[in-house]
Amino acid sequence: MFPKLHRRASAAELMDDLTNGGEELREALRELRRLNRLFAASAPTLYGIKQLWREAGKPKQLSITDVGAGSGDVNRRVLQWASRQGITLMITLVDMTEEACAEARQLYLDEPRVQVMRGNLFTLPEARADIVTGTQLLHHFSEEELPHAVASMLRAARLGVVVNDIHRHWIAWMAVWLATRTISSNRYILNDGPLSVAKGFRSQDWKRLKQAMGINQIMYSWRPLFRYAVVIGKPDSYLSGRS
């Protein structure tokens, strides 16, 4: 049962199969919101956003594009923070599936600061937002695909990128395995929850990404509960249009 975690798992998650979906996927997205609350998934995203915001001089207007957003629930804490700071904030949630977009629209039905767009990470317009975020997104990509994914996020950002993803650790795997079997019978949750931990990251994975991209501005830090916050300031090479 217990997977080998010395390297990232390569198996695809059920959510990566875009030929499936429907109500079962929508149910999984709702239950994922419960897991995100349980494991404090929003905290590393907000941590990274605050860092880029401070480095930019604490602007009073801010735009964020959240890619692979699912139902976008981690952004509720971001909205609360912006309100406390007096920041005029606009968030665009981007996901490839109509099920995720429908859940996001329902969740933010009465929130004018959030818009939902069905789209693809690799087709985002250049410099479309101040900050581009990806929560539990990058673990869906192989090591070879990661530089291209991060480069696409950087091209779409004006200030930088925030990545929030899972620490690949046996404690995290056991916690998620137990939690998913306690709260859910949904096959997406039962399969993809533990698998996402096995596909997660350790510090050496971020070091290899940094070397592969040749970007010194990639800063990563461990955050509770078994998460990494990765903050990437936009390099001059991207500001000048290099892909």
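Contact is taken here to mean heavy atoms within 4.5 Å, and helices (H or I, at least four residues) and strands (E, at least two) are DSSP runs numbered from the N terminus. The structure is a predicted model, in which local features need pLDDT of at least 70 and side-chain atom pairs count only at pLDDT 80 or more, whereas totals for chains, interfaces and linings use all residues. Residues are numbered from 1 along each chain as its sequence is written, and side-chain values use heavy atoms, with hydrogens and water left out.

At the N-terminal end, α7 is capped by N186, a side-chain oxygen of which lies 2.8 Å from the backbone nitrogen of Y188.

The sheet is open and consists of 7 strands in the order β3-β2-β1-β4-β5-β7-β6, with mixed pairing; two strands are said to pair if DSSP finds at least two bridges between them. Strands β3 (114-118) and β6 (218-223) stand at the edges with a single partner strand each, so one side of each is left without a neighbour in the sheet. Neighbouring strands are turned by 20° against each other on average, direction ignored, with axes fitted as lines to C-alpha atoms (for helices over the stretch in contact) and angles running from 0 to 180 degrees between N-to-C directions. Strands β1 and β2 run parallel and are joined by 7 bridges, S63 having M90 of β2 as its bridge partner. Strand β2 is itself mostly covered, with 6 of its 8 residues buried. Parallel pairing also links β4 (residues 129-135) to β5 (residues 157-166), here through 6 bridges, and I131 stands opposite G160 in β5.

Two helices pack against these strands. Helix α3 (residues 75-85) touches β1 (61-67), β2 (88-95) and β3, and its direction makes about 170° with that of β2. Helix α8 (residues 203-213) lies across β5, β6 and β7 (227-233), running at about 170° to β6.

In the loop between β4 and α5 (146-156) is H139, which is buried with a relative accessible area of 2%. The side chain of H139 makes a polar contact of 2.8 Å with the side chain of D165, a polar contact being a pair of N or O atoms within 3.5 Å, of which, within protein, one must be able to donate a hydrogen and the other to accept it, residues adjacent in sequence counting only if both atoms are side-chain atoms. A further polar contact, of 3.5 Å, joins the side chains of H139 and H140. Beyond its neighbours within four places in sequence, H139 is in contact with residues including R8, E13, S196 and F201.

Some backbone features fall in loops. A cis peptide bond with omega of about -10° joins P224 and L225, and L225 lies in the loop between β6 and β7. F226, in the loop between β6 and β7, has a positive phi near 55°.

Note on methods: Buried means under 20% relative accessible area, exposed over 50%, partly exposed in between (1.4 Å probe, protein chains only).
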